[in-house]
Amino acid sequence: MTKAANKPEDSKLKKEAKRSSNVLAGIAKNLPHATKLVEGCNELLPAIAQLLGLS
């Protein structure tokens, strides 16, 4: 994205920078959901292991 900023006339770099920006935005948008999943697993997995006699 830095190269695109230094060469704004380069449409290929501009397109790649926009795509990169969209990918990063998509990842950031889903982080709260992934965090909730990890927190849920951290709570449930020990309980499941105990019920199955694995702990």
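**A bent helix and its surface**

Helix α2 spans residues 11-51 and has 41 residues. From its first C-alpha to its last, α2 reaches 59 Å, close to the 60 Å expected at 1.5 Å a residue (the expected span is 1.5 Å times one less than the number of residues). The model is predicted, so local features need pLDDT of at least 70, side-chain atom pairs count only at pLDDT 80 or more, and totals for chains, interfaces and linings use all residues. Residues are numbered from 1 along each chain as its sequence is written, and side-chain values use heavy atoms, without hydrogens and water.

The protein comes to two helices and zero strands (DSSP runs numbered from the N terminus: helices are H or I, at least four residues; strands are E, at least two). Helix α2 bends by about 40° at Leu 31 (the angle between axes fitted to the seven residues ending there and the seven starting there). Pro 32 follows within four residues. Just after α2, Gly 53 takes a positive phi of about 75°.

Buried residues make up 7% of the 55 residues (buried is under 20% relative accessible area, exposed over 50%, partly exposed in between; 1.4 Å probe, protein chains only). In α2 they are Leu 13, Ala 17 and Ala 49. Leu 54 lies in the segment after α2. Leu 54 is exposed, with a relative accessible area of 65%.
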